[in-house]
Amino acid sequence: MSLEQLQLDPYLLAQMYDQPIIPEVRQAAPAAPKALPKLKYLGENQKNILLLIQNESEAYLNEELFNLLANILNACKLGMQEVALLNVAGYPGLTLQDYHTALGFRQCIVFDIPPAQLGLAEMEPYRLETHFGASVLYSHHLQQIATDKALKGRLWLALKQLFGI
């Protein structure tokens with residue numbers, strides 16, 4: 001008797017194969033969009049420029065560093081009304097993509113926040129990169145920039161490239 005002539009009872013087959021013979025291709029359910037908190041930032045974000053800092057001890061910056069930042073912005077022909085200064089210390093777990101989704105920035109300066117904390121690969125300081133369709137610049141901490149003329153010069157060159165000055 002050949003195997004082609006072999007006939008098995010359907011009930012017997014159902015008992016032999018209680019699982020599908022060909023596995024189903026299961027697609028993961030689409031992830032629910034992450035509920036982002038309402039972000040609090042200083043400035044009016046008129047030009048969609050995000051400045052990210054990390055300061056656990058103050059809401060934003062102390063007076064000395066705020067004045068330095070204001071001077072840097074003035075040199076770029078910008079004011080606080082055109083940018084959003086955001087302290088990431090109040091939003092643990094959010095990535096740069098989350099900030100982009102919430103604020104829709106076109107340009108971003110990251111002041112000494114580890115790129116991995118923002119969900120990014122290592123970044124070279126003062127080198128423009130594009131993430132999520134936006135120009136992103138990684139910089140040292142404002143305190144370091146305040147005391148080091150070489151870092152000020154590198155930041156200025158990168159800002160000229162970022163803002164087309």
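The surface first: in this predicted model, the protein exposes about 10700 Å², and carbon and sulfur atoms supply 53% of that area. One nonpolar patch on this surface, of about 510 Å², is made by L3, L6, L8, L12 and M16. Of these residues, M16 is found in helix α1, which covers residues 10–16, and M16 is partly exposed, with a relative accessible area of 46%.

Turning from the surface to the interior, buried residues make up 36% of the 165 residues in the protein. Among contacts between residues at least 6 apart in sequence, 72% join residues that are at least 24 apart.

Now to the secondary structure, where we have 5 helices and 5 strands, and where the pattern, if you read along the sequence, is α-β-α-β-α-β-β-β-α-α. The 5 strands form an open sheet with mixed pairing, in the order β2-β1-β3-β5-β4. Which strands stand at the edges of this sheet? They are β2, residues 83–87, and β4, residues 129–131, and because each has a single partner strand, one side of each is left without a neighbour in the sheet. On average, and ignoring direction, neighbouring strands of the sheet are turned by 25° against each other.

Let me walk through some of the pairings. Strand β1, residues 49–53, and strand β3, residues 107–111, pair in the parallel sense over 4 bridges, and if you want a position to look for in the structure, L50 has C108 in β3 as its bridge partner. Strand β3 also pairs with β5, again in the parallel sense, over 5 bridges, and here V110 has Y138 in β5 as its bridge partner.

The pairing of β4 with β5 is antiparallel, with 3 bridges joining the two strands, and T130 stands opposite S135 in β5. These two strands form a hairpin with 2 residues between them, and in that turn F132 has a positive phi of about 60°.

Is β5 largely enclosed or largely open? Of its 6 residues, 5 are buried, and therefore β5 is largely enclosed by the rest of the structure; buried here is taken as under 20% relative accessible area.

Notes:
Residues are numbered from 1 along each chain as its sequence is written. This is a predicted model: local features need pLDDT of at least 70, side-chain atom pairs count only at pLDDT 80 or more; totals for chains, interfaces and linings use all residues. Side-chain values use heavy atoms; hydrogens and water are left out. Two strands pair if DSSP finds at least two bridges between them. Axes are lines fitted to C-alpha atoms, for helices over the stretch in contact, and angles run from 0 to 180 degrees between N-to-C directions. Patches are made of residues with over 30% relative accessible area and no salt bridge: like charges are joined within 9 Å, nonpolar side chains (Val, Leu, Ile, Met, Phe, Trp, Tyr) within 5 Å. Accessible areas come from the Shrake-Rupley method with a 1.4 Å probe; for residues, only the protein chains shown count as cover. A salt bridge is a side-chain nitrogen of Lys or Arg within 4 Å of a carboxyl oxygen of Asp or Glu. Buried means under 20% relative accessible area, exposed over 50%, partly exposed in between (1.4 Å probe, protein chains only). Contact means heavy atoms within 4.5 Å.
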